[in-house]
Amino acid sequence: ALIKKSVYLLVGFRQSVSHDPELGTRNLRFGIFRITDMIQSGVVSDYSVFFMNINGTGEMNNQIGRDNGTTVMRGFVKELESILEDPEAVWRVGGDNLGAVVLKSKVDQFLGLLHGVYVPFGPHEEECYRISATAGVCPGSNEFHKTSEIVDAAQICMNTARFVRHTPVLFYDRQMIRMMENAKHIEQAFPEAIANEEFRVYYQ
């Protein structure tokens, strides 16, 4: 009885630190551990890491209510998980952001769901809401030695897709690396340029 109780408590503890109670999925801690395991075992090159932002959650909550909005988000996560098999996984980063690790052979199928699915939220079949997400995708590579590197790359792609390119998905590649390096070079040059009064302002 003591052993069973200890096992029950251990399982409960693991679930509490690795799961998101609101959406009923894993949390960021789980995602970090999963990617770290893949890097250490040398299989990360078989997978792609996603960083996703669910589109229009504010508008969704205004239209159908926050509780129904949470139900839709929970259903969306289940749709994504339905095509995955362990060790593939989806987790909640926080708010309306999600992360995932997906076999490269399933990336197109996974993206198909991100483009939009109808999720029911009420007792009647017609009560559905179409939900989609913007995604940054970083194909796994043995060049990545730290989990933070691959997660940051996917997040940068998502931010660029959402705020710069206005596209539903963006993949991390050499062009993205060059763009990041150029942006960093410009950012580092700002203080000296300001001190030298190299900026010229035009008003229209």
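A crossing of two helices is left-handed if the near helix is turned anticlockwise from the far one by less than a right angle, and right-handed if clockwise. Helices (H or I, at least four residues) and strands (E, at least two) are DSSP runs numbered from the N terminus.

This is a predicted model, in which local features need pLDDT of at least 70 and side-chain atom pairs count only at pLDDT 80 or more, while totals for chains, interfaces and linings use all residues. Residues are numbered from 1 along each chain as its sequence is written, and side-chain values use heavy atoms, with hydrogens and water left out.

The protein chain has a mean pLDDT (the predictor's confidence in each residue, from 0 to 100) of 87, and 90% of its residues reach 70 or more. Residues 5-14 fall below 50, and this stretch has zero contacts (heavy atoms within 4.5 Å) beyond near neighbours in sequence. Where pLDDT is low, the predicted coordinates should not be read in detail.

Helix H3 (residues 57-64) and helix H4 (residues 66-81) have axes, lines fitted to C-alpha atoms over the stretch in contact, that come within 7 Å and cross at roughly 125°. Angles run from 0 to 180 degrees between N-to-C directions; under 35 counts as roughly parallel, over 145 as roughly antiparallel, 65 to 115 as roughly perpendicular and the rest as oblique, so H3 is oblique to H4. Their crossing is right-handed. H3 contributes Thr-57, Met-60, Asn-61 and Ile-64 to the contact, and H4 contributes Arg-66, Asn-68, Gly-69, Val-72 and Met-73.
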